[in-house]
Amino acid sequence: MVWEWTPETLDVLTGFLRVRGLCDGPVDTKRIGDGHSNLTYLVSDGTRRLVLRRPPPPPIPPGAHDMLREARLIGALDATDVPVPGVLATAEAHEVLDVPLYVMSLVEGPVVTTETPSPLDTRQARREVGESLIDTLADLHAVDWHAVGLADLGKPEGFNQRHLRRMGRLIADEDGCPPPHFEAIYSWLDAHVPPESGHTVVHNDFRIGNVVLAPERPGRVAAVLDWELATIGDPLFDVGYFLASVPERGTPMTPTAEFGTAMCEDGYPSRQELADRYAARTGRDLSGLDWYTALALWKLAVLYEYGRRRAVQGTGDEYYADPGLVRSFLEAAHRTAGLEPPQVPASGEVQGTR
């Protein structure tokens, strides 16, 4: 389903922003970002530019796409070492639109996916960007989440096992069993669940395409975006997920890695260099990191399979309809876990899908 602003909703938005001193006249909007989840818009009255975030069109899974929760989390991080945009206003459902939304400051700079722009396109600047990415993740995991008011954000105890079970239920059949081509990796993950390495704020979707870079040298992260999945959990999940998103020459790319092919350019640190820097910064033991990386890849396979089913039913984003996207994540998860390649149906269809 495609959602567009109308003259009526733009008028309501203008009034909402004007009362809060955030615009001086009628505003227009432009969709920004290439995501397939929440909708993000550049809002301008001709002189001032802001960013607005709202959920995707319905149907929305229960508990997903909570804009006010995301705004609260960003606001809590504003006084920490983690660079985030400033939250300027929030709106409940039916206050502006029929869904909650929030407005934040526009952080100027590139969002890099397939190519690093000038003047950051030198070996040294790319290395600075890569090091800033992993340093920012380390800074996030150092935040005292009790002190900034996020103690009720999640349930950290048992995070790894609960995360595995909860995600698995998204595509399980009526008996609670995963699809046949998901069985091997799910069994491996379930048999090797580690105790949590600690409890921190975790972003849950940290990658180069979800940050704004400072436009000038030195290469550094100016703001971290897309906090909708953030919670309190095991920080090594963030590390495994981030490293899984970093493409490596000679290794098949998953869809997430394809969103960050710029990191194949000369100068960016390798996955191992990034892991080593994180370990040095935090003192955390990364010897069991493969489990977290395999979990991240499996989780993406699950989410893409869930999206594929919705697309096939005509209720979801057509981007997910290609079963090859699911296969890519499953194959990467199997490689990480040291398993034989999965036997994925060519059509992506399996019995018992819902």
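To follow the residue classes below, note that Ala, Val, Leu, Ile, Met, Phe, Trp, Tyr, Cys and Pro count as nonpolar, Asp, Glu, Lys and Arg as charged, and the others, Gly among them, as polar. By these classes, the lining of the second largest pocket has twelve nonpolar, five polar and five charged residues. Please keep in mind that this is a predicted model.

**The second largest pocket**

- The space in the second largest pocket comes to about 440 Å³.
- This pocket is lined by 22 residues, and those closest to its centre are Leu243, Glu248, Arg271, Asp290 and Thr293.
- Helices α6, α8 (271-282), α9 and α10 (323-337) each contribute at least two residues to the lining of the second largest pocket.
- With five residues, α8 gives the most to that lining.

**How α6 and α9 cross**

- Two packed helices are described by the angle between their axes and the distance between the axes.
- Helix α6 spans residues 235-245 and helix α9 spans residues 289-312; their axes come within 8 Å and cross at roughly 70°.
- α6 and α9 are therefore roughly perpendicular to each other.
- The crossing of α6 and α9 is right-handed.

**Where α6 and α9 touch**

- From α6, the residues in contact are Leu236, Phe237, Val239, Gly240, Tyr241, Leu243 and Ala244.
- Their partners in α9 are Leu289, Tyr292, Thr293, Leu295, Ala296, Leu297, Lys299 and Leu300.
- Sorted by class, the residues of this α6 and α9 contact are twelve nonpolar, two polar and one charged.

Key. Residues are numbered from 1 along each chain as its sequence is written. This is a predicted model: local features need pLDDT of at least 70, side-chain atom pairs count only at pLDDT 80 or more; totals for chains, interfaces and linings use all residues. Side-chain values use heavy atoms; hydrogens and water are left out. Axes are lines fitted to C-alpha atoms, for helices over the stretch in contact, and angles run from 0 to 180 degrees between N-to-C directions. Helices (H or I, at least four residues) and strands (E, at least two) are DSSP runs, numbered from the N terminus. Angles under 35 degrees count as roughly parallel, over 145 as roughly antiparallel, 65 to 115 as roughly perpendicular and the rest as oblique. A crossing is left-handed if the near helix is turned anticlockwise from the far one by less than a right angle, and right-handed if clockwise. Contact means heavy atoms within 4.5 Å. On a 1 Å grid over the protein atoms alone, a cavity is a set of points where a 1.4 Å probe fits but cannot get out, and a pocket is an open set with protein on both sides within 12 Å along at least five of seven lines; lining residues have an atom within 4 Å of a point. Grid points are joined across faces, edges and corners, and a volume is the space filled by probe spheres set on the points.
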